[in-house]
Amino acid sequence: MEDPWQILVLDRHTATERDVKAAYARLLKQHRPDRDPEGFRRVRLAYERALNGIRKSDDGGDEKVAATRQAHADRSEPLPRDLPGPRMPKREDQPVSAGWDAALHRLREALEVDGRRESIQSAWQAFVRQSRVDRMPMHQEAATVWEVFGKDAGWFADFVTGSWLVRCIEQGLVEVPAAVIAHWDASGNTAKLIALAEELVIEMRQVPWEESLGVIQQLARAVVYWDALLAKDMVDLVCELIPDGEAKKLRVELKDDLARGRMFQDVPEAHKLFWRQVMKKSDAAEEVDWNVRAAQTALAWVRQNRGTSWDGYEVIRELVPPKEKAKLDDAARKLANHDKVEWWPIISPWLGKLAVLSVLILLKACSKWF
C-alpha cells in the first residue's frame with residue numbers, strides 16, 4: 001500500500017491535523033471523484049490513514065510499545081510483525097441506570113407494540129445515546145440490543161449504523177457484525193456494505209485482529225464485487241498489521257475473490273448481485289436456476305458486450321450449462337468478427353482519388369511534350 005504521507009506531500013514527523021486537511025483539500029481539486037475516481041480514492045485513503053495516525057497512533061499502548069512505534073516512525077520503517085495489537089478490554093457488566101432501563105423499555109415497546117419504522121428508529125437512537133451517557137460497556141449494550149431484536153439480522157440490519165458495528169468489531173464482538181454483513185450481502189445492500197468498509201479502514205489499527213480477522217475477511221468478500229479497490233485497500237491495510245503467516249494465509253484465501261471482483265467491476269450494478277450469488281453457490285456446489293429472468297438478462301449482457309478477451313469470460317463459461325455455453329461461444333465469435341476491420345471500404349475511395357491524380361499528372365506531363 002502506498003505511503004499516505006508521500007501522496008499528501010507532507011512530513012510524517014511534523015504534519016498536524018490542519019496540514020493533512022489542507023493537503024486533502026488541495027489534492028481534491030486535482031482528483032475530483034467524477035473525473036478521476038481512482039485518484040480520488042487514493043487521496044481519500046491517504047487522508048484517512050494520515051489523520052487516523054495523527055489522532056490515534058499511540059492510544060492504548062504501553063510505554064514500550066509506544067516507544068517502538070515512535071522509533072520505527074522516525075526511521076520511516078514498517079512496524080515489526082510481532083508488535084502487540086490493541087488489547088481486548090475487560091468485559092465486566094455494569095449496573096444499569098434508571099434512564100438506561102427506561103430507554104430499553106421504550107425500544108421493546110416500539111418493537112413489540114408500535115411496530116412503525118420511525119418509532120423503532122427513534123427508540124433505537126435514544127437507547128444508544130443513553131448508553132453513551134451512562135458509559136455502558138459495549139459488550140453489554142450489544143448483547144442487550146441483540147436480544148431485544150430477537151437476534152434477527154434481517155430486522156436489526158435496517159436500523160443499525162456502520163459506526164456502531166465498527167465499535168463492536170473494535171471490542172472483538174463479531175457475532176452481530178457478522179450476521180448484519182451476511183444480511184446486507186445477501187440483499188445486495190451495496191451502500192451500507194461500502195460505508196462499513198470505509199469506516200473500518202479508518203479504524204483498522206484499533207481492531208484486535210485475532211478476534212476480528214474472520215469478520216474482516218467476510219466484509220472484504222462482500223464488498224469486492226461492488227468496489228474491488230476498497231476491498232484490496234482493506235486487505236492490504238490489515239496485512240500490514242498482522243503477522244506474516246496470517247497475512248499470507250489471508251491473501252491466499254481472498255485471492256480468487258479479489259480477482260473476480262476486478263473482473264466484474266464494469267458489469268452493470270443490476271447484474272452484480274446475481275453473479276455474486278452464483279459464485280457463492282458454485283463454491284457450495286449448489287444448483288443455479290439459469291432460466292430465471294435475472295440469469296437470462298445477466299447472460300444476455302455478457303453475450304452482447306463481452307468476448308473471449310474479457311478475463312471473466314472463461315469464469316462464466318465454466319459455470320453455465322452446455323446450452324448457455326454454446327450461446328456464449330456463438331456470441332463471442334460474432335463479436336470477434338464484428339471487431340475485425342474491413343480495410344477495403346476505407347482504402348477504396350483513396351485508391352480512386354489516387355488513380356485520378358495519377359491520370360492528371362500524366363496528362364500534364366504529356367502536354368509539355370506536345
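The model is predicted, so local features are reported at pLDDT of at least 70 and side-chain atom pairs at pLDDT 80 or more, while totals for chains, interfaces and linings use all residues. Residues are numbered from 1 along each chain as its sequence is written, and side-chain values use heavy atoms, with hydrogens and water left out. The average pLDDT (the predictor's confidence in each residue, from 0 to 100) is 81 for the protein, and 84% of the residues score at least 70. Over residues 58-66 the pLDDT stays under 50. For that stretch the model has six contacts (heavy atoms within 4.5 Å) beyond four places in sequence. Where pLDDT is low, the predicted coordinates should not be read in detail.

Helix H7 spans residues 138-148, and its axis comes within 10 Å of that of H9, crossing at roughly 125°. Axes are lines fitted to C-alpha atoms, for helices over the stretch in contact, and angles run from 0 to 180 degrees between N-to-C directions. The angle makes H7 oblique to H9, since angles under 35 degrees count as roughly parallel, over 145 as roughly antiparallel, 65 to 115 as roughly perpendicular and the rest as oblique. On the H7 side the contact is made by Met-138, Glu-141, Ala-142 and Val-145, and on the H9 side by Trp-164, Arg-167 and Cys-168. By class, this contact has five nonpolar, no polar and two charged residues; Ala, Val, Leu, Ile, Met, Phe, Trp, Tyr, Cys and Pro count as nonpolar, Asp, Glu, Lys and Arg as charged, and the others, Gly among them, as polar.

Nine of the eleven residues of H7 are buried, that is, under 20% relative accessible area, against over 50% for exposed and in between for partly exposed (1.4 Å probe, protein chains only). Among the buried residues are His-139, Gln-140, Thr-144 and Trp-146. The buried residues of H7 pack against H5 (98-114), H6, H8, H9 and H10 (175-187).

Helix H9 (residues 162-170) also meets H11 (residues 190-203), their axes coming within 9 Å and crossing at roughly 45°. H9 is therefore oblique to H11. The crossing of H9 and H11 is right-handed. Gly-162, Ser-163, Leu-165, Val-166, Ile-169 and Glu-170 of H9 are in contact with Leu-196, Glu-199, Leu-200 and Glu-203 of H11. This contact of H9 with H11 has five nonpolar, two polar and three charged residues.

Most residues other than glycine have a negative phi. Arg-135 is exposed, with a relative accessible area of 71%. Lys-151, in the loop between H7 and H8 (153-156), has a positive phi near 55° and is partly exposed at 44% relative accessible area.

Notes: Helix = DSSP H or I, 4+ residues; strand = E, 2+ residues; numbered from the N terminus. Left-handed = near helix turned anticlockwise from the far one by under 90°.
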